[in-house]
Amino acid sequence: MTSSVPPVRARRRTATLALVLCAGLTAALTACAGEDPDKGTNGIGKLTGPEIEKKARTAADSADAVRLAGTLVSKGGTYKIDMKLKDKGGVGSVTSKNSTFELLRIGDELYLKAGAGFWNHDDDKKPGAGHTGDAGGTAADKLDDKYVKVPEGDPTYKQLRGFTDKKVLLDGLLTLHGKVGKGDRDKADGVRTIRILGGAGEGGALDVSLEGTPYPLSFARGGGGGVVKLADWGRDFALVAPAEDETVDYGQQLPKSSSS
């Protein structure tokens, strides 16, 4: 004899199963309970792409300090940067294809620190090249691991200063091109984010914090121009001029060679 579940009991079992499945999926999909995905956030996820971009830019401009770390690709080459920046200057390191150098700027005073290999290298137009030549080891040894005060009149001053300028770097990194739209929600170093995208897939992508102040946390430049993380917003740091015995001042221009 074949037994069967009474219709009422079957309906109850089906309803119970549906509740169990719904409860299990709520955390991932939030659909069953109708939970607001912006619950507990700063609310910018409800805004349009351009509105989020404006909020992020305002937050960045109002911050006293920031740390940028990542890769920048330009016509002049590829650079890995790790810089702490604020309105009065910045400090950190820049690595190009052939060398690594440190930069320190306090107001208008800019210092460059690198090893002897950096000063001996002149086969391209990277920062430092064109001013050193084959110094026969004399100038390079003197500059090795010393802070060199870069004269404001030197051709490389403006380029090197750009790496230490908060406004210059943020202007370049926080600009999306084309029509700005919204992307996916994600996390950056454990912080919930919303992504906004430039147009045509080449306009760049910016991840903005959904928690607290809507700071930009990561920027992918369009066209494979590199990815930079932004952190330590508003966290102050000291800018200390190097000691006199650690500094070399070459006057109006960095040395071109040992005979110049």
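Helix 2 passes helix 6 in a right-handed crossing, and this description, like those that follow, rests on a predicted model. Helix 6 also takes part in the largest pocket, where four residues, the largest share of the lining, come from this helix.

**Packing of helix 2 and helix 6**

- Helix 2, which spans residues 49-62, packs against helix 6, residues 166-173, at an angle of about 170 degrees, and the axes of the two helices lie 11 Å apart.
- Because angles over 145 degrees count as roughly antiparallel, helix 2 is described as roughly antiparallel to helix 6.
- On the side of helix 2 the contact is made by Arg57, Ala60 and Asp61, while helix 6 contributes Lys166, Leu170 and Asp171.
- Sorted by class, the contact of helix 2 with helix 6 holds four charged and two nonpolar residues, with no polar residues.

**The largest pocket**

- At least two residues of the lining are supplied by each of strand 1 (65-74), helix 5 (157-162) and helix 6.
- In terms of class, the lining of the largest pocket consists of seven nonpolar residues, five polar residues and one charged residue.

Methods. Residues numbered from 1 in each chain as written. Predicted model: local features only at pLDDT ≥ 70, side-chain atom pairs only at ≥ 80, totals over all residues. Heavy atoms only, no water. Axes fitted to C-alpha atoms, helices over the stretch in contact; angles between N-to-C directions. Parallel < 35°, antiparallel > 145°, perpendicular 65-115°, else oblique. Left-handed = near helix turned anticlockwise from the far one by under 90°. Contact = heavy atoms within 4.5 Å. Nonpolar A, V, L, I, M, F, W, Y, C, P; charged D, E, K, R; others polar.
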